[in-house]
Amino acid sequence: MKMLTSTLYVMARQVRRKGGSKDTTIDHDEESNKRVKTKHGRAEMRTVHRTAKRFNPDDEEVEEEEFNDIGKEEIDEEEDEDTEKDGDFDDSGKAYNALLTLLKSEHPESRKPLKQDSSIPEKHEDDEVAGVNVEKAEAGENDIEEEIDDDEDESSNGNSMDKDPFEIHFNQVSDTYITKQEKLVVKDAGKWTIEDRQNLVSLGYTNMTQAPPGEQMHIPQPIKSSSMADYPIKKRILDAFEKHYPQDFKELNGFDQELIGPMLNYKDISFPHKFKNTTYRKLYALHALNHVFKTRDRVIKNSTKLHSFREAVKEGSKDKDEEEPEFRDQGFTRPKVLILLPTRNACYELVELLIKLSGAEQQENKKKFNHQFYANEAPPENKPEDFRETFKGNNNDFFCIGLKFTRKTLKLYSSFYSSDIIIASPIGISMILENPDKKKRQYDFISSIEMLIIDRANQIEMQNWDHVLTVMKYINKIPKDFHDADFSRIRMWSINDQGRLLRQNLIFCEYLTPSITNLISSKSQNLGGKVRFKPLTNSSNCVMNSIGLKLKQIFQRFESPSPILDPDMRFKFFINTILPSLTKSTSYSDGIMIFIPSYYDYLRIKHYMKTSTKFTIGSIDEYSTQSKLSKTRQNFMVGKTKILLYTERLHYFRRFEISGVKTLLMYGLPSNPTFYKELVRFIGKSVFKEVADLDLVFVKILFSKWDAVSLERIVGYERAPVLCNSTNELYEFR
């Protein structure tokens with residue numbers, strides 16, 4: 001009997017194995033548990049690592065009520081016009097629609113593939129990081145002969161090597177100086193001094209140059225010229241730049257003149273810009289290529305000298321006892337530039353730019369690259385302009401690709417260890433750095449990075465900033481293996497684990513946030529110095545002045561002793577002071593929207609209001625299903641739901657137009673100042689529809705003195721210090 005039972009059990013297991021996911025004998029919960037425990041493939045890895053699982057205390061409750069037929073037709077036609085377009089437009093929304101599925105942590109990404117090129121073998125590209133190639137270089141891939149550049153002098157563009165910032169920063173710096181500075185900057189955490197401040201009033205910016213403690217590197221002052229020909233850039237790149245951008249070559253605009261000098265001097269830069277300003281990308285692409293070409297030319301020429309010396313010794317023209325020349329010109333691995341971008345579309349645009357500026361006549365694997373990275377798609381036309389720019393093209397954020405340059409060719413999908421530039425999304429590269437399979441983890445290929453570029457940092461922050469911190473954890477780390485490195489050629493500061501002290505960090509964003517600021521202030525240790533740009537936001541050009549509605553805007557300050565205690569003090573003030581008088585302070589009993597920037601604060605408030613108050617609330621966030629979004633918005637519009645909780649990330653990913661808002665309470669200031677204007681206009685929509693009176697509606701904003709940077713973008717730099725530091729805690733504007 002026992003033998004028969006065992007036989008039946010084995011047969012059942014075999015049947016289940018054949019049945020796979022379609023096996024109906026396994027119940028749903030058991031199958032779900034098995035999927036979670038089995039970590040393989042892209043879907044499972046994204047579920048575990050893309051963003052932390054956030055506990056929602058009300059997940060098991062029925063949070064949605066049945067549709068109220070009153071007003072259903074109106075919300076279908078007006079409110080959900082953008083939602084319908086999100087999922088129903090032809091060639092203009094597939095990528096954006098796919099992006100929305102990524103917000104649901106329980107569901108893998110579903111994406112309709114583009115038409116398959118017959119020359120590309122079929123492959124499930126979404127099951128892996130696009131572009132990943134951590135294999136060793138193929139035989140002959142690093143041959144010197146194929147990489148010898150045009151016969152140029154070692155000086156670039158007429159500048160002697162003694163004055164070239166590239167040579168001074170990486171090749172002429174002494175080991176004694178770096179060791180001494182390491183003690184001051186890293187071990188003693190010395191204070192960086194302000195070397196210079198400038199008010200660039202005509203550009204609407206200020207910039208601040210900081211120098212590390214102790215002795216400074218003797219790099220000449222940055223050149224400031226309107227002509228690209230005056231800068232220390234390789235002739236090959238200058239010729240390509242002049243060919244494709246003749247006007248910019250002759251006359252750089254004011255922004256570019258301020259950026260390119262410190263950039264070529266290898267200073268760290270943080271630069272907030274308007275989304276329409278994209279010229280800075282040409283500059284950092286040019287700078288990255290310039291650095292790569294100078295590095296490779298130096299290595300190749302020194303290798304040629306060594307080869308000539310050894311041949312001379314063999315032939316007897318040189319004494320065998322003569323000491324061989326020493327050239328320290330390399331790192332542990334070849335990649336020198338790492339560029340972090342949020343989406344494949346951003347990567348596609350950058351690669352196209354690099355192709356133009358490199359002068360590469362041929363591109364290997366270009367068809368495969370276009371297939372995986374390009375998409376002729378766009379969000380709906382009714383979305384804001386910055387939104388359409390952000391989410392156009394291929395929105396997939398799972399990629400890491402290597403680029404290798406030779407004299408006439410750009411090779412895409414090159415092995416990471418034979419690449420010059422690596423372009424990746426933070427999640428794409430972090431899945432390689434911290435692969436669930438420990439045997440597949442790799443981080444050696446970023447051990448010798450000399451230039452880190454983070455572009456569109458705000459978009460990356462909305463995805464998951466933790467992946468950027470993961471990259472910072474492994475970059476310039478001593479490698480586990482040495483990958484056939486020639487230790488006689490490796491620079492001593494690289495061997496001594498001091499590479500981070502010379503790595504240049506370039507960060508570009510639309511607005512500064514604490515996470516981005518911390519990256520340049522704490523994670524940056526570049527001995528070349530730092531330059532921080534900051535927009536001049538005054539009372540005339542601030543967001544509050546561009547709303548176009550003269551409604552009441554109340555700013556309420558609460559006391560907070562430190563940034564660490566700020567979330568707790570904000571919540572305490574909200575439940576003790578704001579919430580008890582919420583319905584009494586407004587002229588309307590419904591139409592109250594509470595905007596909450598942080599998802600964790602959102603969960604906290606949602607739980608408190610459902611368990612400790614009698615308010616009728618609705619709540620929508622970036623993880624809400626489409627049906628819940630529609631139902632909750634409709635119930636709020638018709639007044640069935642009195643209070644609506646709304647998160648910043650949901651607004652970022654969807655940009656809804658919420659109807660029925662009569663009172664707006666901002667639990668915190670939005671990080672993106674544009675959101676402030678869009679949220680306030682929700683009330684304007686109600687006034688326009690004559691469901692609310694302009695004299696009775698108002699906006700109330702909670703803030704503390706630690707919100708000064710965000711507050712300045714809203715009210716201007718003249719008013720922000722007054723609001724944060726004066727004796728009054730309540731301010732009203734119209």
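Biologist: What makes A189 exposed?

Modeller: A189 has a relative accessible area of 56%. Exposed means over 50%, buried means under 20%, and partly exposed lies in between, with a 1.4 Å probe and protein chains only; A189 is therefore exposed. The residue lies in the loop between helix 8 (175–187) and strand 1 (193–200), and A189 has a positive phi of about 50° although it is not a glycine. This is a predicted model, in which local features need pLDDT of at least 70 and side-chain atom pairs count only at pLDDT 80 or more, while totals for chains, interfaces and linings use all residues. Residues are numbered from 1 along each chain as its sequence is written, and side-chain values use heavy atoms, with hydrogens and water left out.

Biologist: Y413 also has a positive phi. Is Y413 buried or exposed, and on what value does that rest?

Modeller: The phi of Y413 is about 65°, although Y413 is not a glycine. Its relative accessible area is 7%, so Y413 is buried. Y413 is found in the loop between strand 7 (409–412) and strand 8 (421–424).

Biologist: How are the helices and strands defined, and how many of each does the protein have?

Modeller: They are DSSP runs numbered from the N terminus: helices are H or I with at least four residues, and strands are E with at least two. The protein comes to 28 helices and 18 strands. Of its 734 residues, 54% count as buried.

Biologist: Why is helix 11 called roughly parallel to helix 12?

Modeller: Two packed helices are described by the angle between their axes and the distance between the axes. Helix 11 (residues 254–264) and helix 12 (residues 279–315) pack at an angle of about 20°, with their axes 10 Å apart. Because angles under 35 degrees count as roughly parallel, over 145 as roughly antiparallel, 65 to 115 as roughly perpendicular and the rest as oblique, helix 11 is roughly parallel to helix 12.

Biologist: Which residues of helix 11 and helix 12 meet?

Modeller: Contact means heavy atoms within 4.5 Å. In helix 11, D256, L259, I260, M263 and L264 meet T279, Y280, L283, Y284, H287 and N290 of helix 12.

Biologist: What makes T333 buried, and which residues are in contact with T333?

Modeller: With a relative accessible area of 6%, T333 is buried. T333 has its place in the loop between helix 12 and strand 4 (337–340). Leaving aside neighbours within four places in sequence, T333 is in contact with Y417, D444, F445, S447, S448 and H483.

Biologist: How do you know that T333 and S447 form a polar contact?

Modeller: The side chains of T333 and S447 are joined at 3.3 Å. A polar contact is a pair of N or O atoms within 3.5 Å; within protein, one must be able to donate a hydrogen and the other to accept it, and residues adjacent in sequence count only if both atoms are side-chain atoms. The pair T333 and S447 is therefore a polar contact.

Biologist: Why is G660 called buried, and where is G660 found?

Modeller: G660 has a relative accessible area of 13%, so G660 is buried. G660 is found in the loop between helix 25 (648–654) and strand 16 (663–666). Not counting residues up to four places away in sequence, G660 touches G591, F636, M637 and S686. G660 and I683 are 23 residues apart in sequence and 7.7 Å apart in space, C-alpha to C-alpha.

Conventions. Axes are lines fitted to C-alpha atoms, for helices over the stretch in contact, and angles run from 0 to 180 degrees between N-to-C directions.
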